[in-house]
Amino acid sequence: MHGQIESLIKTMTANRQQIVASQICVCERCCAGYAARSITCFMPDGMAFCPECTIDSFVDDASSLPINDPDLLKATHEHWFKSKT
C-alpha cells in the first residue's frame, strides 16, 4: 500500500490538467466524491479545492489509482499530515 500512497500524493500536486482529464475526483481528506467537471476552484499553481472541506487534496480517476478505496484515502491522509508535523 505504501507505493499507492506515494503515487496518490504525487497526483495531488498541481493537478488541474489531471482533473480536467478525469471523470471523477475524490478528496483524500473528507472522502467526498465529485464529477471532475464540477471542480471549479483552483489555486494559481493548479491545485483544486474541495467544495466540502476546502482542502487542496484531490485525487482523480485519470491517475488509474483506486481512488474509491476509503482505507487507502485514510492511510494517504495520515501519511501526508504526519509527515508535515
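Helices (H or I, at least four residues) and strands (E, at least two) are taken here as DSSP runs, numbered from the N terminus. On that count, the protein comes out at three helices and three strands, and reading along the sequence gives the pattern α-α-β-β-β-α. The model is a predicted one, so to speak for local features pLDDT has to be at least 70, side-chain atom pairs count only at pLDDT 80 or more, and totals for chains, interfaces and linings use all residues. Residues are numbered from 1 along each chain as its sequence is written, and side-chain values use heavy atoms, with hydrogens and water left out.

As for overall dimensions, the C-alpha atoms fill a box of roughly 30 × 25 × 20 Å along the principal axes. Taking contact as heavy atoms within 4.5 Å, 61% of the contacts between residues at least 6 apart in sequence join residues at least 24 apart.

On to the sheet. The three strands make an open sheet in the order β2-β1-β3, with antiparallel pairing; two strands pair if DSSP finds at least two bridges between them. That leaves β2 (33–35) and β3 (58–60) as the edge strands, each pairing on one side only. From one strand to the next the twist averages 30 degrees, with axes being lines fitted to C-alpha atoms (for helices over the stretch in contact) and angles running from 0 to 180 degrees between N-to-C directions. Strand β1 (residues 24–27) pairs with β2 over three bridges in the antiparallel sense, and Val26 has Gly33 of β2 as its bridge partner.

Side chains next. A search of the whole structure turns up one aromatic pair. It is Tyr34 with Phe58, edge-to-face, at 6.0 Å centre to centre and 75 degrees between the planes; rings of Phe, Tyr and Trp (its six-membered ring) pair if their centres lie within 6.5 Å, and planes under 30 degrees apart count as stacked, over 60 as edge-to-face and the rest as tilted. The pair links distant parts of the chain, with Tyr34 in β2 and Phe58 in β3, 24 residues apart. Tyr34 counts as buried because its relative accessibility is 17%, and Phe58 is buried too, at 1%.

Notes
Buried means under 20% relative accessible area, exposed over 50%, partly exposed in between (1.4 Å probe, protein chains only).
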